[in-house]
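Dear colleague,

I am passing on the model we talked about, and my notes on it follow directly below.

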Amino acid sequence: MTILIDVVRDAQRSDNGRRAAELSAQYEGWTPQDILRDAIRNEFLGDITLSSSFGADSAVLLHMVAQIAPNLPVLFLDTDRHFFQTLQYRDELVARLGLTNLINLRADPEEAAAEDAKGTLWRTNPDQCCDLRKVRPLDRLMDGYGAWISGRKRHQAKTRANLPIVEWDGRHFKVNPLATWTQADLDAYFAAHDLPHHPLVEQGFPSIGCFTCTKPVEDGGDARSGRWAGTEKVECGIHNPIYGGEGI
Ligand code: SF4
C-alpha cells in the first residue's frame, strides 16, 4: 500500500512539474498583467495567494494585483525584525492600492519561545530563524492553497538567473510574473503609475529584509548582496524546492 501511495505521489509530482513547464512556455512573452489575469482568474481560480515582502520593488506587483483582484490574499511574513519603514510602507501601500485581504503571518509563539527565547537565533543559526519566522508560518497558511505568486526576478541575483515563470516546488505552484523584467522596466512602471518607493531604497538598500540581516549594497554588488552579507546564506528558504533540486 505504501509503495502504491508513493507511486501515485511520484506521478502527481511529475504531472505538476510538467504542468508548470507547460505554463512557463505558454506565458513566455506575455505581459506580467496577462500572466496574473490568467493565473488568478483561470488557472488557479480561488486557489492562489500573493506573497509580498513590501520591499524595494513590491509596489509593482501589488499594484497589478490590485487592478485584477484587490481581495486576493496578500501574505506578509511579519518576522518581528522588520525595519519600521517597511511596516509603515506596507500600511501605506495597502491603503493606497485598496488591497482588502492582507494577512500578517507570524512565528508560532510556543515554537519561538522554545527555539529563540533570547531573540538571538538570527545570529547563531539564521537558517533556523528563517525557518521559524518565515518558512513554517507560510507553510501552515499555504496548506489551504495550491499556488502563490512571487515577485522574484531573474536580474536580481546569479542564483535567480534561470528563474522560470511558473515553478512546481513539490507542494505548490509558484508564479513569477516579473521573472523577465529588468530594473528599467520596474522603474518605468513606478513612474507611469506614480507609485511610492520604499524609503530605504534611496539609502542604498535595493533588497530589504529584516534589519538584523540586511545591509546597504556596495558599489557593483548585485541587488541581493546586502542580504546576510558576509555569510554563505543567499535565500531565506521559502523558495527552496521541497522535492529535488529542480523542484519537480
Ligand atoms: S532574515 Fe534574519 S532575522 Fe529575519 S527571519 Fe531570517 S535569520 Fe531571522
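Of the 248 residues in the protein, 48% are buried, where buried means under 20% relative accessible area, exposed means over 50%, and partly exposed lies in between (1.4 Å probe, protein chains only). This is a predicted model, in which local features need pLDDT of at least 70 and side-chain atom pairs count only at pLDDT 80 or more, while totals for chains, interfaces and linings use all residues. Residues are numbered from 1 along each chain as its sequence is written, and side-chain values use heavy atoms, with hydrogens and water left out.

The protein has eight helices and six strands, taken as DSSP runs numbered from the N terminus (helices are H or I with at least four residues, strands are E with at least two). Read from the N terminus, these elements follow the order α-α-β-α-β-α-β-α-α-α-β-β-β-α. With contact meaning heavy atoms within 4.5 Å, 70% of the contacts between residues at least 6 apart in sequence join residues at least 24 apart.

On the strands, S1 (residues 48–51) and S2 run parallel and are joined by two bridges, two strands being counted as paired if DSSP finds at least two bridges between them. Ser51 stands opposite Leu75 in S2, and Leu75 in turn has Ile103 as its bridge partner in S3. The pairing of S2 with S3 (residues 102–105) is also in the parallel sense and extends over four bridges. From S2 the chain crosses through helix H4 (residues 84–97) to S3 in a right-handed β-α-β crossover; right-handed here means that, with the strands pointing away from the viewer, the path from the first strand over the helix to the second runs clockwise. A right-handed β-α-β unit is likewise made by S1, helix H3 (residues 58–68) and S2.

In a regular strand the side chains alternate between the two faces of the sheet. Strand S2 (residues 74–77) is covered on both faces, with Val74 and Phe76 buried on one side and Leu75 and Leu77 buried on the other.

Helix H3 is largely enclosed by the rest of the structure, because ten of its eleven residues are buried. Among these buried residues are Leu61, Leu62, His63 and Met64, and the buried residues of H3 pack against helix H2 (32–43), S1, S2, H4, S4 and H8.

Turning to the ligand, ten residues surround it, the closest being Cys129, Cys130, Cys210, Thr212 and Cys213; a residue is taken as near if one of its heavy atoms lies within 4 Å. Helix H7 (residues 126–142) contributes four residues, the largest share of this shell. By class the shell has seven nonpolar, one polar and two charged residues, where Ala, Val, Leu, Ile, Met, Phe, Trp, Tyr, Cys and Pro count as nonpolar, Asp, Glu, Lys and Arg as charged, and the others, Gly among them, as polar.

Some individual residues also deserve a note. His198, in the segment after helix H8 (183–192), is buried because its relative accessible area is 1%. Its side chain makes a polar contact of 2.9 Å with the side chain of Thr86, a polar contact being a pair of N or O atoms within 3.5 Å, of which, within protein, one must be able to donate a hydrogen and the other to accept it, and residues adjacent in sequence count only if both atoms are side-chain atoms. Apart from neighbours within four places in sequence, the contacts of His198 include Phe54, Gln85, Tyr89 and Ile208.

Arg152 lies in the loop between strand S4 (147–149) and strand S5 (166–168) and is buried, with a relative accessible area of 7%. The side chain of Arg152 makes polar contacts with the side chains of Ser150 (3.1 Å) and Glu167 (2.3 Å).

Glu111, in helix H5 (residues 109–115), counts as partly exposed at 22% relative accessibility. The side chain of Glu111 makes a polar contact of 2.9 Å with the side chain of Arg136, and, leaving aside neighbours within four places in sequence, Glu111 is in contact with Asp116, Leu132, Arg136 and Arg140.

With kind regards
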